Amino acid sequence: MNDRDIDGEVWAAADRVRDLAQRVTIDPGRQARLRMELLRRHSELVVEGGRWGTAWRSRRGRHLKRLGMAAPPAMLLAIAASVMLWILPAVSGHQTPQAAEASLITRALTRTAPTVTGWQWTLHEQRGESTRVVRLQSQLTGDQALYVHYGQAYLYSGGKWQIVSTGQPLTPRVADWQWGFTWLPSRLAKHDFTLLPDRVIDTRRVVGIQYTIAPSSAAQIVFTAWVDRSSGLVMRLTRVEVSRQRVVARDVADYRYVRNR
Amino acid sequence: MSAFDVLAGGNTEEERMEEALSAGILASCDEAVDDGDALLAEAAKTDPHAFGELYERYYARVYRYVYHRVGNQADAEDISAVVFMKALEALPTFRSRQNGFAPWVFRIARNAVVDYYRRRRKQSPLDDIEHHSSDSDPIGHVLTNERRAELHLLVQHLSSDQRDVVLMRYAADLSFAEIASAMGKNEPAIRMLLHRGLRKLKAVVVDE
């Protein structure tokens, strides 16, 4: 801490005051007990339970109680899915289903990201007639964690923050697909996507988030992320490149996560 | 550490090695982030480990500030606990895009000390130990050498703003920008307050 930018006549006083100010004894036992109490209290206040989450849970509960229709199971599921899309804006206060869905997924991912300790992804690359399959695995160390805030994914590593990719690559290399599941937050923040009907991937019900990037007038790249709503995690990410109305490349990346905490 | 397993045909050994080498965890992390504590506070909204880390980073700084405001260990410990409890309960309202975490938590600390003195005045009106500064009352005449080492007594003779600036700067290690944000003033005003406070203290703390 450099005070040499204040008037020189008080430098000596500043040094002495700093010395006196730092000369304080802290009871480590008391500090540790307070930490335990705070973390206990934190667990009571997390979003899924406790006072922090009460307002959201009670609003959603009241609306969902109105659903109760007698119909064949498949039809009931279809009706429930469409009604859910319809009521989401009313429940969440958002203007469109996209905004409501984006909010749900982003909140889930914000909660889930720090619990991810590793992931495995399998990439199927198709170029014309040839196909290549690559399977890779990533593992975070004990002092690393992933976080998502304001549409951006961060890696917290060794006490420092780093942004995980500043933008989605149009033509990802294999190494880029390692972070493919982190491209979603920034897209969700823009609300610029199409919702696709739910499907099942690896026993999980997932929703499709599809968006298109047009690098030129003759080319289009369509990304589709299949997302588990409860966790906000991408289970499958596909990329289809169309040039002059012909599919020239198709990539499918499947993600499996290891979580703890 | 990462492991790899490449399947199917078409890959050369060189391609496999290149993919393995480029598949490191930090390969695609682009930029460092400056305001790490604000991001940590965002993370702490859902992650208790992040809140625990914030606590470890700020407890000593908050405690030192509070201690020199109230002058005794027991009250300093109690008030510091209140500060972190209030910070935890108010965490959902913290906005990293609007605030740094340090100014935010020291606003809470400052208010907690004010509340402490307000309660003391209600309980013991005659026991008010907050003195007002007086330029005509040289501090050194009433303090022994021993008491010159007790900073909380010395800063009692500063104005409340001067006292807060001095303690936030030297006990809490805040930057001028952080102090300005915590106190709702601009940086030039903070520097002026610090200079005036140090001038008043100079006569007592510096051996001539």
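Chain A exposes about 13,200 Å², and carbon and sulfur atoms supply 53% of that area. Chain B exposes about 9,800 Å², with 49% of it from carbon and sulfur atoms. Both figures come from a predicted model. Chain A has seven helices and 10 strands. Chain B has 10 helices and two strands.

**The two chains in outline**

- Chain A holds 261 residues, and 45% of them are buried.
- Chain B holds 208 residues, and 49% of them are buried.
- Take the contacts in chain A between residues at least 6 apart in sequence: 46% of these join residues at least 24 apart.
- In chain B, 60% of the contacts with a separation of 6 or more link residues 24 or more positions apart.
- Read from the N terminus, chain B runs β-α-β-α-α-α-α-α-α-α-α-α.

- Strand β1(A) covers residues 116–127, and strand β10(A) covers residues 246–259.
- These two strands run antiparallel and are joined by 11 bridges.
- One pair to find on screen is Gly118(A) with its bridge partner in β10(A), Val258(A).
- Strand β1(A) also pairs with β2(A), residues 130–139, through 10 bridges.
- This pairing is antiparallel too.
- Arg127(A) stands opposite Ser130(A) of β2(A).
- β1(A) and β2(A) form a hairpin with two residues between the strands.
- In that hairpin, Gly128(A) takes a positive phi near 65 degrees.

**Strands β6 and β7 of chain A**

- Strand β6(A) spans residues 194–201, and strand β7(A) spans residues 204–216.
- Six bridges join them, and they run antiparallel.
- Thr194(A) stands opposite Gln210(A) in β7(A).
- The hairpin of β6(A) and β7(A) has two residues between the strands.
- Here Asp202(A) is the residue with a positive phi, near 55 degrees.

**A buried tryptophan in chain A**

- Trp179(A) lies in the loop between α6 (174–177) and α7 (184–190) of chain A.
- Is Trp179(A) buried or exposed? Its relative accessible area is 0%, so Trp179(A) is buried.
- Trp179(A) and Gln168(A) are 11 residues apart in sequence.
- In space, their C-alpha atoms are 9.6 Å apart.

**Where helix α1 of chain A meets chain B**

- Two packed helices are described by the angle between their axes and the distance between the axes.
- The axes of α1(A) and α10(B), residues 187–205, come within 9 Å and cross at roughly 75 degrees.
- Therefore α1(A) is roughly perpendicular to α10(B).
- On the α1(A) side, the contact uses Ala13(A), Ala14(A), Arg16(A), Val17(A) and Leu20(A).
- On the α10(B) side, it uses Leu198(B), Leu201(B), Lys202(B) and Val205(B).
- By class, the contact of α1(A) with α10(B) has seven nonpolar, no polar and two charged residues.

**A closer look at Arg16(A)**

- Arg16(A) sits in helix α1 of chain A, which covers residues 11–22.
- How does Arg16(A) count, at 29% relative accessibility? Buried means under 20% and exposed means over 50%, so Arg16(A) counts as partly exposed.
- Leaving aside residues up to four places away in sequence, Arg16(A) touches Arg23(A) and Val205(B).

**Helices within chain B**

- Helix α10(B) also meets α9(B), residues 176–183.
- Their axes come within 9 Å and cross at roughly 100 degrees.
- Therefore α9(B) is roughly perpendicular to α10(B).
- From α9(B), the contact takes in Phe176(B), Ala177(B), Ile179(B), Ala180(B) and Met183(B).
- From α10(B), it takes in Glu187(B), Ile190(B), Arg191(B) and Leu194(B).
- The contact of α9(B) with α10(B) has seven nonpolar, no polar and two charged residues.
- The buried residues of α2(B) include Asp37(B) and Glu42(B), along with Gly36(B), Leu39(B) and Leu40(B).
- Among the others buried in α2(B) are Ala38(B), Ala41(B), Ala43(B) and Ala44(B).

How values were computed: Residues are numbered from 1 along each chain as its sequence is written. Chains are lettered from A and ligands numbered from 1 in the order in which they are written. This is a predicted model: local features need pLDDT of at least 70, side-chain atom pairs count only at pLDDT 80 or more; totals for chains, interfaces and linings use all residues. Side-chain values use heavy atoms; hydrogens and water are left out. Helices (H or I, at least four residues) and strands (E, at least two) are DSSP runs, numbered from the N terminus. Buried means under 20% relative accessible area, exposed over 50%, partly exposed in between (1.4 Å probe, protein chains only). Contact means heavy atoms within 4.5 Å. Accessible areas come from the Shrake-Rupley method with a 1.4 Å probe; for residues, only the protein chains shown count as cover. Axes are lines fitted to C-alpha atoms, for helices over the stretch in contact, and angles run from 0 to 180 degrees between N-to-C directions. Angles under 35 degrees count as roughly parallel, over 145 as roughly antiparallel, 65 to 115 as roughly perpendicular and the rest as oblique. Ala, Val, Leu, Ile, Met, Phe, Trp, Tyr, Cys and Pro count as nonpolar, Asp, Glu, Lys and Arg as charged, and the others, Gly among them, as polar. Two strands pair if DSSP finds at least two bridges between them.
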